[in-house]
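The following note concerns side-chain contacts, taken point by point. Please read it alongside the sequence and the model.

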Amino acid sequence: MPRHSQFALLKQRRFLPFFAVQCLGALNDNVYRQAIIGLLFFLGVSDAERTLYTNLAPALFILPYFLFSSIAGQIAEKLEKQRLIVITTAMEIAIMTLAAVGFLSQNMTILLIALFSTGVQSTLFGPVKYSILPSVLRPEELTGGNGLVEMGTSISILVGMIFGGLIFQLAGSHGPVTAAAAVIVLAVAGNTIARLVPRVDAGAPELKINWNPLPESLAVLRMARKQTSVRNAILGVSWFWFVGTILTAQLPSYAVTNLGGEPTLYIFALALFSVGTGVGSLLCEKLSARTVEIGLVPLGAFGMTAFLLDLYFARAGEASAQGLSVTEFVHQAGSVRIIIDLLGIGLFAGFFVVPLFALIQSRTPKSQMSRVFAALNIQNSGFIVAAAVLGLLAQRLLGWTIPQVFLALAIANALVAIWIFTIVPEFLMRFLSWVMVRALYRLRLHGIEDNVPDEGPALIVCNHVSYMDALILSATIPRPVRFVMYYRIFNIPVMRWIFRTARAIPIAGAREDPALMRAAFEAVDRALAEGELVCIFPEGALTRDGTIGAFKSGVEKILARRPVPVVPMALKGMWSSMWSRRDSRLGRMRVPRRFRAHIEVLAGAPMPADSSAAQLEARVRALRGEAA
């Protein structure tokens with residue numbers, strides 16, 4: 001497996017045991033919940049009683065998220081994380097032992113008490129699940145790691161639902177014993193593997209826990225809203241759960257009424273959505289070039305809308321046939337379109353949610369990470385309940401068919417996406433820059449992971465070849481970068497909006513606009529003081545002949561004022577690309593000589609703050625070599 005593949009994480013102890021524990025937890029939760037439903041059929045209870053239990057069970061499971069998430073976030077912040085994972089998986093053994101008693105005695109009261117307790121245990125584990133990743137993964141691994149976690153969760157939920165639903169069918173009279181044994185074995189396996197998770201220091205060991213859930217819930221919700229981008233990323237994740245809840249809640253009836261299938265066709269439809277989500281989650285690393293690429297979020301949102309719309313038009317009415325098996329359904333006219341739609345919705349849902357998780361992790365202080373994810377769980381549970389209620393009201397009060405619910409969901413998804421991208425234009429900016437860079441170039445990266453610091457301030461210096469340089473660098477550096485650029489480039493139509501949204505710093509020469517120049521130096525100093533990455537092009541202008549010009553003394557002034565490490569970087573292959581000065585103004589607006597030409601981006605080892613402009617220039621020249 002190549003070193004840069006996310007699958008390499010599955011061979012490393014810092015990730016694999018945690019990944020296995022969270023997969024087993026999701027698997028066991030769903031085995032247990034589906035086995036309860038299987039027991040109801042096994043006992044032959046009335047339809048009314050079965051409906052009561054099947055509606056009560058999700059409510060009991062999600063209630064602890066409302067009640068205890070804020071306390072769970074504080075505990076996850078205060079305790080060493082591996083210890084907390086062991087504690088929560090030990091709780092799972094005790095809870096599933098109680099559940100086993102419920103299965104063996106066929107006592108629904110005990111099973112529902114155990115289900116509520118499972119919700120409590122999941123609530124405690126939730127803040128650890130995502131807050132641990134930034135501590136064990138490098139910034140460039142966050143997208144791939146989150147993709148694996150989302151894929152593992154999706155597949156575990158699916159497998160758990162299938163296995164849990166089949167226990168009583170396959171085991172017959174031995175169903176209660178089999179269900180009891182299954183949940184205990186999975187819990188013990190999770191606790192055993194949890195002991196292999198490496199130690200991860202607490203985010204805020206000095207934190208004093210507030211055991212009053214109401215004021216603390218409000219406190220963590222306020223904490224999660226401090227940064228606009230994080231606040232809206234959390235909103236986006238909650239919306240993902242809203243869409244997923246409505247969609248999956250309709251699938252059982254949709255499979256029978258609109259697809260004409262047996263009840264088992266529902267599992268096939270759910271599998272398509274889950275597999276699509278898993279594949280989309282895994283593709284995020286490839287599409288983002290190992291950065292936290294929030295430009296994928298608009299792509300995911302509008303892709304979900306497109307496939308939801310097509311799902312409505314693919315089968316707007318009831319099916320003409322009934323009782324179809326999966327094989328018979330696949331051979332029906334129009335079934336391929338529905339299969340592609342369900343896969344497509346899941347695929348773009350993966351594009352939508354994985355970068356949001358990575359964004360929250362990359363921009364939240366580690367001392368607040370667990371509490372921010374606790375706030376996310378509180379908000380998620382509210383959106384899930386709202387989705388369940390609205391989906392029910394739409395059909396019972398408004399008389400909507402399931403395809404009409406899908407149509408309304410597609411429209412709502414588009415409106416919510418537009419609203420989010422309007423109030424946080426960074427999402428749309430990154431999408432536009434991602435599309436432009438990926439459409440025009442194929443990037444080859446060298447030394448960026450090893451030499452660009454994961455945290456703390458640094459100054460990046462690079463040769464300046466084209467108007468696209470800043471976008472290419474921002475697409476290849478895992479952390480957000482503040483670019484210092486000539487004000488005339490900053491003011492290019494369309495590009496200006498992208499640069500302004502990315503918080504680029506315009507600069508002018510001392511003779512052109514001394515006030516703007518002073519303001520730029522002040523902005524650079526503030527950014528470095530706040531621990532940000534700043535990139536400058538010390539040549540001061542685009543190259544006119546493809547060679548690297550002399551680096552100006554401005555870089556020395558920045559470093560004299562704020563001594564920070566300097567990372568030399570070089571662009572290769574850009575001289576023959578679009579928007580360099582190799583051609584006339586009109587010539588620049590044509591397609592590149594080689595469509596999707598290979599562009600290399602190289603980073604060298606950080607240099608000390610007392611390096612001169614000439615030394616930095618020499619290092620960048622050496623990195624670039626002879627290729628312009």
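1. A salt bridge is taken here as a side-chain nitrogen of Lys or Arg within 4 Å of a carboxyl oxygen of Asp or Glu. The model is a predicted one, and it holds 13 salt bridges.

2. Glu 77 and Arg 371 form a salt bridge whose closest N and O atoms are 3.0 Å apart. Glu 77 belongs to helix α2 (residues 47–78) and Arg 371 to helix α14 (residues 369–396), so this pair ties together parts that are 294 residues apart in sequence. Both Glu 77 and Arg 371 are buried.

3. Asp 201 and Arg 199 also meet through their side chains in a salt bridge, at 3.5 Å from N to O. Asp 201 is exposed, with 54% relative accessibility, and Arg 199 is exposed at 63%.

4. Within helix α23 (residues 613–624), Glu 617 and Arg 621 lie 4 residues apart, about one turn of the helix. Their side chains form a salt bridge of 2.9 Å, N to O. Glu 617 is buried at 15% relative accessibility, whereas Arg 621 is partly exposed at 35%.

5. Turning to the rings, the structure holds 16 aromatic pairs. Phe 348 and Phe 351 have ring centres 5.3 Å apart and planes at 80 degrees, so the pair is edge-to-face. In helix α13 (residues 335–363) these two residues are 3 apart, separated by about one helical turn. Phe 348 is buried at 15% relative accessibility, and Phe 351 is buried at 5%.

6. Ring pairs also link Tyr 130, Phe 357 and Phe 373 into a cluster. Arg 33 lies over the face of Phe 61, 4.5 Å from the ring centre.

Key:
Residues numbered from 1 in each chain as written. Predicted model: local features only at pLDDT ≥ 70, side-chain atom pairs only at ≥ 80, totals over all residues. Heavy atoms only, no water. Phe/Tyr/Trp six-rings, centres within 6.5 Å; stacked < 30°, edge-to-face > 60°. Buried < 20%, exposed > 50% of the residue type's maximum accessible area, 1.4 Å probe, protein only. Lys NZ or Arg CZ within 6 Å of the ring centre and 35° of its normal.
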